[in-house]
Amino acid sequence: MKALIWNKDGTLELVDKPIPQITDPNDAIVKVTMSSICTSDLHIISGCVPKAIPGTVLGHEFVGEVVETGSAVKNLKAGDRVSANCETFCGECFFCKRGYINNCINGGWKLGCSIDGCQAEYVRVPYANTGLTKLPENVTYKNALFVGDILASGYFGAEMCEVKKGDTIAVIGAGPVGLCAMQCAKLMGAGKIIAIDIDENRLKIAKDNGLCDVIINSSLHNTLDIVLSMTDNRGADGVVEAAGTKDTFRLSWEIARPNAIVGIVAMYEESQILPLPDMYGKNLTFKTGGVDAVHSRKLLEYISDDRLNTDFLISKEMKLSEIKDAYKIFANKGNGLLKIAITD
Ligand SMILES: NC(=O)c1ccc[n+]([C@@H]2O[C@H](COP(=O)([O-])OP(=O)(O)OC[C@H]3O[C@@H](n4cnc5c(N)ncnc54)[C@H](O)[C@@H]3O)[C@@H](O)[C@H]2O)c1
Ligand SMILES: [Zn+2]
Ligand SMILES: [Zn+2]
């Protein structure tokens with residue numbers, strides 16, 4: 001089969017590899033029908049992910065058809081259409097039992113990082129009982145493509161804010177994660193969503209898809225003044241930080257009202273400073289972290305019921321044979337490009 005591997009010098013190669021085999025009773029082999037490229041894949045190639053192993057097949061965001069299951073896989077069979085979780089998790093350890101699957105002692109981010117991932121024709125998925133979720137009949141592969149990673153991360157961001165009915169939620173960063181967070185916050189009952197970015201194309205996408213009520217280009221306007229003017233001078237009830245810069249980290253707590261929750265889903269390349277004296281008395285709660293992607297079934301039901309839809313994130317479709325070009329295009333992200341769907 002064709003598969004995309006990365007080399008230590010940062011180059012990519014589309015190579016021929018044998019179709020993966022079951023090596024553990026909990027494994028399933030999945031024929032990849034659609035995959036996507038994630039910013040984390042770019043971090044691997046640039047050498048920023050210490051646990052990533054050169055020569056590994058890249059990719060962890062995908063949907064596909066089960067072709068074979070190990071003897072311990074009880075809830076799936078060959079022919080099932082599935083969405084894959086970006087994280088491998090056992091479902092049984094201390095952390096998994098509490099829903100904190102990002103810290104599963106037997107799992108973590110493996111696919112496309114330390115074991116072969118989905119930018120190939122077939123992939124071996126460990127702990128398939130928990131890592132794969134069957135698609136409802138009316139949900140297409142395309143509809144489900146982002147359930148296990150980007151949508152899960154956006155949902156996680158909104159969930160961190162503990163959205164109450166009518167809340168004003170500000171989302172910093174209108175990239176794929178931020179856009180999903182806006183949609184999820186609305187679903188959770190937010191009354192007003194404020195989208196903040198410096199990229200007009202992305203803000204337009206947020207507005208045109210009805211994901212937000214207000215857009216603010218923070219490079220052109222005083223974001224704090226606008227948020228205060230919209231909230232009786234209080235600030236936002238919850239803030240999702242999905243941009244990941246020093247400026248957006250600061251903005252995230254500045255625009256939060258006293259006693260708000262700041263949910264930080266972004267990954268920073270360097271340490272950030274919490275200037276506690278400046279925020280003393282605001283009594284904020286900060287939450288951070290890698291996504292606990294445990295809601296795949298629920299997210300698929302929302303998609304099935306037309307309460308969530310992430311199809312608009314696909315800006316371009318390309319074939320697996322064109323994947324090296326797809327990586328280049330994704331890394332350059334011009335003209336409002338959000339995600340590329342790789343088809344078989
Ligand atoms: N916590 C997790 O498990 C998890 C999972 C997936 C992604 N992430 C992280 O979430 C973040 C968002 O992911 P994405 O795929 O949407 O990334 P992205 O790079 O496509 O989007 C980031 C957005 O932030 C905007 N931005 C940059 N600087 C800004 C500024 N100064 N002010 C306002 N907006 C600014 C950019 O224009 C862009 O639209 C990244 O940091 C990513 O690493 C975390
Ligand atoms: Zn990812
Ligand atoms: Zn576990």
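Mentor: Let us begin with the ligand, keeping in mind that this is a predicted model. Three elements, α6 (176–187), β9 (192–197) and α9, each supply at least two residues of the shell around ligand 1, and the largest share, three residues, comes from α6. In total 26 residues surround ligand 1, and the closest are Gly173, Gly175, Ala243, Gly244 and Val291. By residue class, the shell around ligand 1 divides into twelve nonpolar, ten polar and four charged residues.

One of the contributing elements, helix α9, spans residues 246–254, and its buried residues are Thr248, Phe249, Leu251, Ser252 and Trp253. These buried residues pack against β8 (168–172), α8 (223–230), β11 (236–241), β12 (256–264) and α10 (276–279).

In soluble globular proteins, nonpolar side chains tend to be buried together. The largest nonpolar core in this model has 106 residues, and those with the most contacts inside it are Val171, Ala181 and Ala195. This core draws at least three residues from each of domain 1 (2–149 + 292–343) and domain 2 (153–288). If residues up to four places away in sequence are left out, Ala195 touches Val171, Ala174, Met182, Leu203, Ala206, Leu211, Cys212 and Ile215.

Buried residues make up 49% of the 344 residues, and among contacts between residues at least 6 apart in sequence, 70% join residues at least 24 apart.

Two backbone details deserve a careful look as well. Most residues other than glycine have a negative phi. Asn259, although it is not a glycine, has a positive phi of about 70 degrees; Asn259 is found in strand β12, one of the elements against which the buried residues of α9 pack. Asn259 counts as exposed because 12 other C-beta atoms lie within 10 Å. Glu162 likewise has a positive phi, near 45 degrees, and is placed in the loop between α5 (150–160) and β8. With 15 C-beta neighbours inside 10 Å, Glu162 is therefore partly exposed.

Finally, consider Asp344, which sits in the segment after β15 (339–343). Asp344 is partly exposed, because 15 other C-beta atoms lie within 10 Å. Not counting residues up to four places away in sequence, Asp344 touches Val32, Thr33, Glu121 and Leu320, while the C-alpha atoms of Asp344 and Cys90, which are 254 residues apart along the chain, are separated by 29 Å.

How values were computed. Residues numbered from 1 in each chain as written. Chains lettered and ligands numbered in written order. Predicted model: local features only at pLDDT ≥ 70, side-chain atom pairs only at ≥ 80, totals over all residues. Buried ≥ 20, exposed ≤ 12 C-beta atoms within 10 Å, placed from the backbone. Helix = DSSP H or I, 4+ residues; strand = E, 2+ residues; numbered from the N terminus. Contact = placed C-beta atoms within 7 Å. Near = placed C-beta within 6 Å. Nonpolar A, V, L, I, M, F, W, Y, C, P; charged D, E, K, R; others polar. Core = buried A, V, L, I, M, F, W, Y, C linked by C-beta atoms within 7 Å. Domains from an automatic or database assignment.
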